[in-house]
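Here's a quick walk through what holds this chain together. Have the sequence and the model open while you read.

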Amino acid sequence: MKETGFCGKGVIAINWRVLISRKSDYPDPIELKRGQQVTIGEIYEGNEKWKNWVFCTCCLTGKSGWVPEQIVEKTEVADQGTVLEEYSAAELDVSKGEILSCEKSLNGWLWCRNSDGIEGWVPFENLQGVCGD
């Protein structure tokens, strides 16, 4: 089995092996629906160099969390935005060696599902693509 993020001819791996275990720091993540209004806060500037993340608070639920900048359209009101697509900030707790099925990549994170069917985001640098021969 060849292990990379790409499986040749521009095909990105669907299955990924966890290289670094990780537990979520956010047990109650923000969940947003298309059309909801959010207050836009700080832009993420951590050591990980994850780009295009903004800290938002949902005006309906009051929940806060990191949201991809691409899914929030700023409104005419300062620091306010409208959510363009459904989004969950759920992070997946993972253990080294675990194999995940991943279907979406966004701003340095992959949306993955574990063998128990639980889904969430995992940082790209914690994973290595698994490709068949």
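## Salt bridges around R113

E119 and R113 pair up through their side chains in a salt bridge, 2.7 Å from N to O; the term covers a side-chain nitrogen of Lys or Arg within 4 Å of a carboxyl oxygen of Asp or Glu. R113 also meets E103 in a salt bridge, at 3.3 Å from N to O. R113 sits in strand β11 and E103 in strand β10, so this pair ties together parts that are 10 residues apart in sequence. Put together, E103, R113 and E119 form a linked network of salt bridges.

How open are these side chains? E103 counts as exposed at 55% relative accessibility, while R113 is partly exposed at 30% and E119 is partly exposed at 31%. (Buried means under 20% relative accessible area, exposed over 50%, and partly exposed in between, with a 1.4 Å probe and protein chains only.) Strands here are DSSP runs of E, at least two residues, numbered from the N terminus.

A word on the model: it is predicted, with local features needing pLDDT of at least 70 and side-chain atom pairs counting only at pLDDT 80 or more, while totals for chains, interfaces and linings use all residues. Residues are numbered from 1 along each chain as its sequence is written, and side-chain values use heavy atoms, with hydrogens and water left out.

## A longer-range pair

The salt-bridge count comes to six. One of them joins R22 and E91, whose closest N and O atoms are 2.6 Å apart. R22 is in the loop between β2 (15-18) and β3 (31-32), and E91 is in the loop between β9 (87-88) and β10, 69 residues apart. E91 is buried, at 17% relative accessible area.

## Cysteines

The whole structure has one disulfide, meaning a pair of cysteine sulfur atoms within 2.5 Å. C102 and C112 make it, with their sulfurs 2.1 Å apart. The link is right-handed, with 95° about the S-S bond. Both C102 and C112 are buried.

C56 is in no disulfide, and the nearest cysteine sulfur, in C59, is 9.4 Å away. The sulfur of C58 is 6.5 Å from its closest cysteine sulfur, also in C59, too far for a bond.

## The nonpolar core

The largest nonpolar core has 22 residues, and C56, W53 and V67 are among those touching the most other members. (Such a core is a set of buried Ala, Val, Leu, Ile, Met, Phe, Trp, Tyr and Cys residues joined through side-chain atoms within 4.5 Å.) Strand β5 gives the most to this core, with four residues.
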